[in-house]
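Have a look at the model below before reading on.

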Amino acid sequence: MILSRVKPAVGGEAQASISDKKKKNKTKVPRLEEYLQQRDYLGALTLLEFQRSIGEKEEHADLWTGYCAFHLGDYKRAMEEYKSLTVKPECPAEVWVYLACALFFLGLYKEAEEAASKAPMSPLQNRLLFHLAHKFNDEKKLMGFHQNLEDVTEDQLSLASIHYMRSHYQEAIDIYKRLLLQNRDFLALKVYVALCYYKLDYYDVSQEVLAVYLQSMPDSTIALNLKACNHFRLYNGKAAEAELKNLIDISSCSFEFAKELIRHNLVVFRGGEGALQVLPPLIDVIPEARLNLVIYYLRQDDVQEAYNLIQDLVPTTPQEYILKGVVNAALGQEIGSRDHLKIAQQFFQLVGGSASECDTIPGRQCMASCFFLLRQFEDVLIYLNSVKGYFYNDDTFNFNYAQAKAALGNYKEAEEVFLLIQSEKIKNDYVYLSWLARCYIMNQKGRLAWELYLKMGTSSDSFSLLQLIANDCYKMGQFYYAAKAFDALEKLDPGSNYWEGKRGACVGIFQLILANKESKETLKEVVPLLQNSGNPQVEYIIRALRKWAKDNRVLLS
């Protein structure tokens, strides 16, 4: 629905004579029809209320009051007007369907269906019941009301809106374009076309179509909001916020929905700023409010709150399936739940395998996520490689991409991608540190892996990283850093068998020195490492090392 208003004229004329003013006043008595023709529903409603207060009611004044309230978005007022009419004996039968429309927009779908059933059969009643069948997910009834639709503008618009809500955006575009060919002055249809292109991720095309409408209706709330959303997708939050500021002054004081929309979108454009104050009251008003609040909780690492908010949501759109998958994956990893991970994998597979999403960027990301959870990393890379051109500087994408590379043993490429990441939050994550350390070691850069450990504070994560460095360096023949890691582990946990690892690593260093693959000077550091252990074998090993050092003129002190 396109909502706009006619701005009141501002006086600036020369003073007129008293007689002229009287004539002017006589000719300028406001008429209801004039307000309605100009779509000035606030003016019309004000006139109707004034006439009601002085006892000069228009014919069908109550019906017109409900009509104006409805078109102003004040559905509660419209509902009250129509309800008061239904109790009157002379109430026209079609009022029931008007009441049903108001109830529908208030989200009272059961009550809307009951009211519509009391109305005589009409195209409006069929359209309303068509939409209610969609809300109730009743496919049988939906198809029945679909068959009753005729090839008239109102019915075709209703069909297009159902296509839109079922994510069949191309089908909706086809209907709108056909109607535009038949009715070139139906400019509002361009907004609907632009909305569909936005949903298809064609933000530049959406912007072009929208520009035509905005030339004629520069103060349209829906159009200006969509323009801001396009700017958000094409550029950034600041560009979008600049566009949205135009709405703050333009939106009618009586049109509450515009204010709620602005508040909601400003939170999104500002990266979640003020989310906890703005979004909770809007959850049942703006459909995206719940999803954006879930995203906010995820960004704050409050996975449980995100899950609580989305667990009862029955997903109907790809975005809802994806978000529910992400939340289940995050919770499954946090609490070690295989059930949540399986649910996430199924949601990702459902979206990525669907005909409408399989060739979109989110669809391919979903398939990559599905295979990631299944640990099928070759398949992960097939999908990530197909979209990596769009995510060169995206830290989250690079994090997942590098992990998949490393899991397949492509350590050199994985190291390069890991080092592209700029996010401090990711770079302090143990998963990042452990994979990067492994890449360093596999690429014969044990020193860099050891430096990663030295930068960490004492924690369970640093202990785990030490174990990884010790074992991987030993496996890759980088015995010097393996010995240092095993020595540190032995100090932290003296009762364990880390001595055996350290002994093997120290002997390994000696072998490398004998093979001229390690500097003889390194032997100086091996002896103190061995002396840190209280094992009886230490003296025997040190004696052998000292004898060799003496024979080869290597100073150990």
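What follows is a short tour of selected local features.

## Ground rules

This is a predicted model, so local features need pLDDT of at least 70 and side-chain atom pairs count only at pLDDT 80 or more, while totals for chains, interfaces and linings use all residues. Residues are numbered from 1 along each chain as its sequence is written, and side-chain values use heavy atoms, with hydrogens and water left out.

## Aromatic pairs

There are 28 aromatic pairs in the structure. To pair, rings of Phe, Tyr and Trp (its six-membered ring) need centres within 6.5 Å; planes under 30 degrees apart are stacked, over 60 edge-to-face, and the rest tilted. One of the pairs is Tyr41 with Tyr67, edge-to-face at 6.1 Å centre to centre with 70 degrees between the planes. This pair ties together distant parts of the chain: Tyr41 belongs to helix α3 (residues 41-53) and Tyr67 to helix α4 (residues 61-71), 26 residues apart. Helices here are DSSP runs (H or I, at least four residues), numbered from the N terminus. Tyr41 is buried at 12% relative accessible area, whereas Tyr67 is partly exposed at 30%.

Why does the pair of Tyr474 and Phe479 count as edge-to-face? Because the ring centres of Tyr474 and Phe479 are 5.4 Å apart and their planes sit at 80 degrees. Tyr474 is partly exposed, at 36% relative accessibility, and Phe479 is buried, at 15%. Elsewhere, ring pairs join Phe70, Tyr75, Phe104, Phe105 and Tyr109 into a cluster.

## A charge over a ring

Lys110 has its charged end over the ring of Phe136, 5.0 Å from the ring centre. To qualify, NZ of Lys or CZ of Arg has to be within 6 Å of the ring centre and within 35 degrees of the ring normal.

How many disulfides does a search of the whole structure find? It comes back with 0 disulfides, the criterion being a pair of cysteine sulfur atoms within 2.5 Å. Take Cys229: the closest cysteine sulfur, in Cys196, is 15 Å from its own, so that is too far for a bond. Cys229 is buried, with a relative accessible area of 12%. Cys370 is in no disulfide either, as the nearest cysteine sulfur, that of Cys366, is 9.1 Å away. Cys370 is buried too, at 0% relative accessible area.

## Two helices crossing

Helix α6 (residues 95-105) and helix α8 (residues 123-135) have axes that come within 10 Å and cross at roughly 30 degrees. The axes are lines fitted to C-alpha atoms over the stretch in contact, with angles running from 0 to 180 degrees between N-to-C directions.

## Loop residues

Arg39 lies in the loop between α2 (32-37) and α3. Its phi is near 60 degrees, a positive value in a residue other than glycine, and Arg39 is partly exposed at 29% relative accessible area. Ser167, in the loop between α10 (153-165) and α11 (169-182), also isn't a glycine but has a positive phi of about 65 degrees. Ser167 is buried, at 14% relative accessibility.

Pro280 sits in the loop between α17 (275-278) and α18 (287-299). Pro280 is partly exposed, at 36% relative accessibility. The C-alpha atoms of Pro280 and Arg290 are separated by 7.6 Å, with the two residues 10 apart along the chain.

Definitions and conventions: Buried < 20%, exposed > 50% of the residue type's maximum accessible area, 1.4 Å probe, protein only.
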